[in-house]
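Colleague: Please take a close look at one part of this model. I would like the helix packing and the side-chain pairs around it.

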Amino acid sequence: MSQQFQPPAPDATPAAAPAPGPSGADFLTPASGPSGADFLAPAPVRPGNVGLGIVAAFVAALAAAAAYGAIMNGLERQFSYAAIGVGLLVGFAAAKVGGRNPVLPVVAALFSLGAVYLGQLFFVALYVSKVANTSLGDVIDTMGVSGINDALQQGADVMDYVFIGVSGVTAFSIARKLNG
């Protein structure tokens, strides 16, 4: 029994030549890829979402109002840097989430004004609850928001309105600067 075995036919495709290694001339030519100028280029502008910016500013304003009232209650007086902080927080949230839109600095300023006023109302309610030795909920139930507002207006002075204004200007400025 003899079998004849035929070897396989040689492959007709030529073998790929190995890639040449780096030569001395390769080190003298600039390499492709990012250069130092690429890292200095401005970031691409992302499209803004005005609706999300307004929502973010509103949420930041509510949180800042609560913090502002609590800080004033802890110090038992107003604190100018806290009012500036309210404006910074609201303006930053509006600009960073909302992107570039000329409406956002105005909205941030308005929300910041409201946040400082709401924080002052919260401070009055906390103060009354401390003096009356009752809970905050009882104060709100008995006085209502209008009663707390009347108490705030009776004790208000020029500095209350200055802090409100400073907060609004700060929010407008920071939102405009981050958008610009």
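Modeller: A salt bridge is a side-chain nitrogen of Lys or Arg within 4 Å of a carboxyl oxygen of Asp or Glu. The whole structure holds 1 salt bridge by that search. This is a predicted model, where local features need pLDDT of at least 70, side-chain atom pairs count only at pLDDT 80 or more, and totals for chains, interfaces and linings use all residues. Residues are numbered from 1 along each chain as its sequence is written, and side-chain values use heavy atoms, with hydrogens and water left out.

The salt bridge joins E76 to K130, with the closest N and O atoms 3.2 Å apart. E76 sits in the loop between α2 and α3 (80-98), K130 in helix α4, 54 residues apart. Helices here are DSSP runs of H or I, at least four residues, numbered from the N terminus. E76 is exposed at 52% relative accessibility; K130 is partly exposed at 41%. Exposed means over 50% relative accessible area, buried under 20%, partly exposed in between, with a 1.4 Å probe and protein chains only.

Now the helices. α2 (residues 50-75) and α4 (residues 103-131) pack at about 30°, axes 7 Å apart. Axes are lines fitted to C-alpha atoms over the stretch in contact, and angles run from 0 to 180 degrees between N-to-C directions. The two helices are therefore roughly parallel, a label for angles under 35 degrees. Their contact residues divide into 21 nonpolar, 5 polar and 1 charged. Nonpolar covers Ala, Val, Leu, Ile, Met, Phe, Trp, Tyr, Cys and Pro; charged covers Asp, Glu, Lys and Arg; the others, Gly among them, are polar.

Conventions:
Parallel < 35°, antiparallel > 145°, perpendicular 65-115°, else oblique.
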